[in-house]
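Subject: Structure handover

Hello,

The structure you asked about is below. My notes on it follow, for you to read alongside the coordinates.

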Amino acid sequence: MNEKVLQTLEYNKIIEQLVTYASSPSGREACRTLKPQTDSRWIETAQRETSDALTHILTKGELSFYGIEDIRPALKRLEIGSSLGSHELLDIAKLLSAAGSVKNYFRQSLREDDSTGDSLDERYRLIEPLSLLMQEIRRCIPDEDNIADDASTGLAQIRRQLKLTNDRIHEQLSSIVNGSARSMLQDSIITMRNGRYCLPVKAEYRSSFRGMLHDQSATGSTLFIEPAAIVKLNNDIRQLELKEQEEIDKILANLSNLAAEQSFFLAQNYRVLCELDFIFARAMLSKHMRGTRPIFPTEGYIEIKKGRHPLIDPKKVVPIDIHIGRDFSLLVVTGPNTGGKTVSLKTVGLFCLMGQAGLHIPAFDNSCLKIFDEIYADIGDEQSIEQSLSTFSSHMVNTVSILERADADSLVLFDELGAGTDPTEGAALATAILSNLHKRGCLVMATTHYSELKLYALQTPDVQNACCEFDVATLQPTYRLLIGIPGKSNAFAISGKLGLSQDIIEDARERVSSDAQNFEDVLSDLEASRIKLEKEQKAITESRKEISRLKKELREKTEKIEQSKEKILQNANQEAGKILAEAKTVADDTIRKYTKWAKSDRHIQEMERERANLRSRMNKHQDLSGSKPQQKRKKKALKAADLMIGSNVHILTLNANGTVSTLPNEKGDLFVQAGLLRTQVNIKDLELLPDEKPKQTEKRQNGSGRIRIDKAASIHQEVNLIGMTVDEAMPVLNKYLDDAYLAHMSQVTVIHGRGTGALRKAVHQQLAKLKYVKSYRLGEFGEGDMGVTIVCFK
């Protein structure tokens, strides 16, 4: 790919961004030298690698290659048997540390076959962290300027001796400084000269102070003398320091030998990590610009969906849709200045360069590009005063160069083709140039203001018009590229909006040829129709979206209602079951209590409390169910004279019907029989049932007939003696049997349970004594078996 087009389309600025995402020296160099390729297999491989790396970044986070240094010079030294310095060995340790991190990064997405399952799998397998070598280097060399004391036994001993010797020297010097020689010293400090410990002695005491002179001050008043007492100790330190350096050299040599044994894997790790650094840099660039992998169809066409120029502020760039090469191979783009024509050209050219370099493009998924052998672009003003080239001349030089080399595998981009000269001649030249390139089979995009080129695009097969939309009302471009519609320069409209006199504008209109004016009128009509259709299409689209939304909401509501219905029914059934079970329990318990209380009238208060308790529980359930309390009936106030024994009344507080058993006393209290319940109420709580008021002339029933009626209304088919002793059960049994016989019941059931059999035996003995009992027997299967006795009356 020619260097000129890379500069013209600002491909180099994309590369500058790419370099910032690489960490290793070789990775950055690979980014700098990245050029578009023409080999389809290389392009597809590079695109797949970029996509796979981007997938890893999005699923597991970014991968760092920080700390990788170029170890190739060190590896060369190892090949010839040289020892490495601490700095070079630490670079190897950093490389191995990065190798371990990258290996662990990829292990997060391994499959059962121990592979990543993508194009990076082979590189992952080649990485060898060499953990033992890295740990040994780190153990011996904690940082560049230090070798660890425990790097070897010999080094530890030498440094221990050095410390002891230093301590003895400081001890000797401290005794001199604090002793009788203190007055001879310029300062009470210990200093060093030429690597040996000295004391600052006053010059006048030179002959009195024994030792070796090493230095003096600039004035000569202070002499730096090594006391004779520590000369040997200083010599010992010097020898120990030499031994220390020898031991360090041995340690570095041993580490170098270990590294030399793994030189093949070290070189392989460096190569693989730098390649991964380069690949992940491309992926990071894609993530930054929200790029996608382009498709390269075999048919060879361009279809960019919502493409965004990567060098324009993402908050301001307007996505464009461009397609060329399938329905037409030459696109003529027209429209006013600053409308986005040049940006459209550069977007197409730059996307093709990026795609062929293995980079993603900032566009929607499934955008398509064609692989070109060459891309040519004549964009911008390149006039040269030194070469005496005008604007037209400079453009023509570029155009001639393009015409000499362009072929069917070329993309050609022209900006303002034929501009800078006589309009008539310029339009004719531009038409001829485009026609020539069109015959060669090139893909061509050209921007222009010439109406002749618009007509050429309308009249020529395989050539299409396009325009950059411009809002005349606001004098602002929308930067939308509309393919299939020729654009207008809108010079008259823009001039009028800017304040140019209407007379001048009308004069200018009259000077335009009738054909040109008619053509502009046609374009205006087309533009108006297009805008109208777009508005209608937008309204239809919005209506469809609204319909889809409402359908979705309705479907969701229906599903929720069905789910709620099932849940409500389920809850209702469960609640009903609970209520029925509770009601059965309460009924059984109440019957048991009333049966016990029925033997005498002494339990009236307990019965009233039980009745109130039951009523309270009924009200509680009504409140929980949310049912509204029944409205009070409007009733006529009853008087004692309105009631008779046997009158049918409605008890308001119990919401139940009953029969008057006694007449009201002076307080208005009376007893009412409501089914099995005989309760005391006040006359104010009663309502005489309509059409049931007994006539005053009706005779009251007395004697056995009345008793039979009362008994028949209140007696049950069975009596339950379970839980009673024999003494408690017999009176209850006798009373029940008498009542049942008086009620003319033919058969009853006595429930006594199985138990020990004592209650059953006592019941049978009592039945045998009663004359009105015809027969009795134990219950059969389904009747209660041995837990009940069936009694038949005569």
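β2 (196-202) and β4 (222-227) are antiparallel partners joined by four bridges; strands count as paired if DSSP finds at least two bridges between them. In this pair, L199 is opposite I225 of β4. Strand β1 (residues 191-193) also pairs with β2 in the antiparallel sense, over three bridges, and T191 has C198 in β2 as its bridge partner. The hairpin of β1 and β2 has two residues between the strands, and N194 takes a positive phi near 55° there. Six of the seven residues of β2 are buried, so the rest of the structure largely encloses this strand. Buried here means under 20% relative accessible area, with exposed over 50% and partly exposed in between (1.4 Å probe, protein chains only).

The model is predicted: local features need pLDDT of at least 70, side-chain atom pairs count only at pLDDT 80 or more, and totals for chains, interfaces and linings use all residues. Residues are numbered from 1 along each chain as its sequence is written, and side-chain values use heavy atoms, with hydrogens and water left out. Helices (H or I, at least four residues) and strands (E, at least two) are DSSP runs, numbered from the N terminus.

Confidence: mean pLDDT (the predictor's confidence in each residue, from 0 to 100) is 81 for the protein, and 82% of its residues reach 70 or more. The pLDDT is below 50 over residues 383-389, a stretch with six contacts in the model beyond near neighbours in sequence. Contact means heavy atoms within 4.5 Å. Residues 691-701 are also below 50, and this stretch has 12 such contacts.

Helices: α9 (residues 153-177) has 25 residues, which at 1.5 Å a residue should span 36 Å; its end C-alpha atoms are 36 Å apart, in agreement. The expected span is 1.5 Å times one less than the number of residues. The buried residues of α9 include L155, I158, L162 and I169, and its buried residues pack against β2, β4 and α10. Just after α14, G441 takes a positive phi of about 90°.

Cores: the largest nonpolar core has 49 residues, and F106, I141, L273, L276 and F280 have the most contacts inside it. Such a core is a set of buried Ala, Val, Leu, Ile, Met, Phe, Trp, Tyr and Cys residues joined through side-chain atoms within 4.5 Å. α6 (86-107) gives the most to this core, with 11 residues. Leaving aside neighbours within four places in sequence, L276 is in contact with F65, V102, F106, L120, R123 and I127. A second, separate core of 48 residues includes V5, I361, M445 and L481.

Sheet: an open sheet of four strands has the order β18-β19-β21-β20, with mixed pairing. Its edge strands, β18 (718-720) and β20 (773-778), each pair on one side only. β20 and β21 (residues 788-793) run antiparallel and are joined by five bridges, and S775 has C792 in β21 as its bridge partner.

Regards
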